[in-house]
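Me: I should like to learn how to read the features of a structural model, one at a time. Please give me the general idea first and then the case at hand.

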Amino acid sequence: MSNTVSDRRSFLGFFTGLVMSFIGLVVAIPAMAYFVGPLRRKSKGEVANYQDAGPLTDYPVGQWHLASVDMVRQDGWKKTRVKHAVWVRREDKSEKSITVLSSICPHLGCPVNWHPDQSQFFCPCHGGIFNQEGKHVGGPPPRGMDPLPFEVRAGRLWVRWEDFKIGVADRVPVSV
Ligand code: FES
């Protein structure tokens, strides 16, 4: 008789442990997926792709126009939004005539300004000069301004921001 009671108790103990383990797994698996998922997807930090830079009609033909794009950076659980300035020019109304340049000087990273009266870009920090296509024509920058990839979707300009290594002649993308 006492053997039967003891067997029943140990069976109940085992069964209860089994049920508790099952409940623990049901709770733990989604929680693990929630916490580990972002790390697996974007372990080195990732920049969201193309950002809306507004309708093409905002960009007057034949002029450089300063626009800003939001860059969304996801690093694990942390999402940060950073604004970047880009120079945009359309030579005519066709999509092929668009040029998008980073406003960051490839010398040491200062913002580059367009001077329409001289048809040149100038960097105020150390006197870098770029022609109206963004090519380096004077001062210490080791290369021209950095072009950025873009797309036109339904009449709007979408720009993909990229960081490039500064202070070097080659255009080397920097992953952030
Ligand atoms: S940072 Fe532009 S010239 Fe030095």
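Me: In which loop is the place of Ala 154?
Reply: Strands are DSSP runs of E with at least two residues, and helices are runs of H or I with at least four, both numbered from the N terminus. Ala 154 has its place in the loop between β10 and β11. The model is a predicted one, in which local features need pLDDT of at least 70, side-chain atom pairs count only at pLDDT 80 or more, and totals for chains, interfaces and linings use all residues. Residues are numbered from 1 along each chain as its sequence is written.

Me: What is the phi of Ala 154?
Reply: Most residues other than glycine have a negative phi. Ala 154 has a phi near 50 degrees, a positive value in a residue other than glycine. This residue belongs to the hairpin of β10 and β11, which has two residues between the strands.

Me: Is Ala 154 buried or exposed?
Reply: A residue is buried if 20 or more other C-beta atoms lie within 10 Å of its own, exposed if 12 or fewer, and partly exposed in between, with C-beta atoms placed from the backbone. Ala 154 counts as exposed because it has 7 C-beta neighbours inside 10 Å. Over the chain of 176 residues, buried residues make up 18%.

Me: How many bridges pair strand β10 with strand β11?
Reply: Strands of a sheet pair through backbone hydrogen bonds, either parallel or antiparallel. Two strands count as paired if DSSP finds at least two bridges between them. Here β10 (residues 150-153) and β11 (residues 156-159) pair in the antiparallel sense over four bridges. Arg 153 stands opposite Arg 156 in β11, and Pro 55 also stands opposite Arg 156.

Me: In which order do the strands of that open sheet lie?
Reply: The order is β2-β11-β10, three strands with antiparallel pairing. At the edges are β2 (51-55) and β10, each of which pairs on one side only. From one strand to the next, the twist averages 25 degrees, where axes are lines fitted to C-alpha atoms (for helices over the stretch in contact) and angles run from 0 to 180 degrees between N-to-C directions. Three bridges join β2 to β11.

Me: Which strands form the open sheet of four?
Reply: That sheet has the order β6-β7-β8-β9, and its pairing is antiparallel. Its edge strands are β6 (113-115) and β9 (136-138). The twist from one strand to the next averages 35 degrees. Two bridges join β8 to β9, and His 136 in β9 is the bridge partner of Phe 130.

Me: Where does Ser 119 lie, and what is its phi?
Reply: Ser 119 lies in the loop between β6 and β7. Its phi is positive, about 55 degrees, although Ser 119 is not a glycine. Ser 119 counts as exposed because 10 C-beta neighbours lie inside 10 Å.

Me: With which residues is Pro 124 in contact, leaving aside its neighbours within four places in sequence?
Reply: Two residues are in contact if their C-beta atoms, placed from the backbone, lie within 7 Å. Pro 124, in the loop between β7 (120-123) and β8 (128-130), is in contact with Cys 110 and Asn 113.

Me: Over which residues does pLDDT stay under 50?
Reply: pLDDT is the predictor's confidence in each residue, from 0 to 100. Where it is low, the predicted coordinates should not be read in detail. In this chain pLDDT stays under 50 over residues 38-47. The mean for the chain is 85, and 79% of its residues reach 70 or more.
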